[in-house]
Amino acid sequence: IASQCQYGMGIAWGCKLRGDRRVCATFCGDGGTSEGDFHEAMNLAAVWKLPVLFIIENNGYGLWTPAVEQFACKQLADRAAGYGMPGLRIDGNDLLAVMRAVREGAARGRRGEGPTLLEFMTFRMRGHEEASGTAYVPKHLFDEWAAKDPVARFEHLLVARGVLKESAREAMRSEMAARIDAL
């Protein structure tokens with residue numbers, strides 16, 4: 001939901017008043033961008049040039065409603081233009097792309113240039129909450145997005161660059177699985 005965007009804008013205002021270099025990051029889903037709280041926070045943050053990142057986790061569905069039925073703009077990042085701030089659409093399953101976008105948006109905020117809207121394209125491999133299930137999502141989307149798993153992608157990148165050996169990768173996976181199973 002978008003109510004935290006209001007809190008984030010307030011935190012960013014406090015940072016600006018204190019003169020520190022902090023930047024606040026707020027998160028909401030694609031469905032939350034249709035709420036008034038989202039637009040009010042973006043508007044005021046832009047007018048006051050607050051150091052805040054408005055991060056949208058666009059997984060294609062606001063609860064059970066497909067994102068394409070929620071808004072008329074081509075992409076949610078386009079909404080930033082109406083508030084005079086940059087809006088970027090990023091592959092949310094690409095760790096390095098996410099890091100670059102956050103770094104650039106944070107630097108912009110620290111320079112006093114105001115907020116940035118970041119739309120991270122990703123996918124929810126389970127229901128919106130435990131009770132909703134996934135029957136409303138076409139099966140092929142699970143297959144497509146499983147191939148884009150961010151952890152596996154980053155592991156492959158590390159192996160390809162020689163930073164991580166395949167044997168060490170498998171050992172870490174086994175260790176993590178054991179730790180999770182022990183919980």
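Read along the sequence, the protein follows the pattern α-β-α-β-β-β-β-α-β-α-α-α, with six helices and six strands in total. Helices (H or I, at least four residues) and strands (E, at least two) are DSSP runs, numbered from the N terminus. The model is a predicted one, in which local features need pLDDT of at least 70 and side-chain atom pairs count only at pLDDT 80 or more, while totals for chains, interfaces and linings use all residues. Residues are numbered from 1 along each chain as its sequence is written, and side-chain values use heavy atoms, with hydrogens and water left out.

The C-alpha trace spans about 50 × 40 × 30 Å along its principal axes. Of the 183 residues, 36% are buried, that is, under 20% relative accessible area with a 1.4 Å probe and protein chains only.

Turning to the sheet, four strands form an open arrangement in the order β1-β2-β6-β5, and the pairing is parallel; two strands pair if DSSP finds at least two bridges between them. The edge strands are β1 and β5 (87–91), each of which pairs on one side only. Neighbouring strands of this sheet are turned by 25 degrees against each other on average, direction ignored. Strands β1 and β2 (residues 52–58) run parallel and are joined by six bridges, and Ala25 stands opposite Leu53 in β2. Helix α1 (residues 3–18) lies across β1 and β2, running at about 170 degrees to β1. Such angles run from 0 to 180 degrees between N-to-C directions, with axes fitted to C-alpha atoms, for helices over the stretch in contact; contact means heavy atoms within 4.5 Å.

Next come the pockets. On a 1 Å grid over the protein atoms alone, a pocket is an open set of points where a 1.4 Å probe fits, with protein on both sides within 12 Å along at least five of seven lines, and lining residues have an atom within 4 Å of a point. The largest pocket has a volume of about 300 Å³, counted as the space filled by probe spheres set on the points. Its lining has 17 residues, of which Cys28, Gly29, Asn59, Arg124 and His128 lie nearest the centre. Strand β1 (24–29) and strand β3 (61–62) each supply at least two lining residues, and the largest share, three residues, comes from β1.

The second largest pocket holds about 230 Å³ of space. It is lined by 16 residues, with Asn58, Asn59, Gly60, Ala67 and Val68 nearest its centre.

Conventions: Buried < 20%, exposed > 50% of the residue type's maximum accessible area, 1.4 Å probe, protein only.
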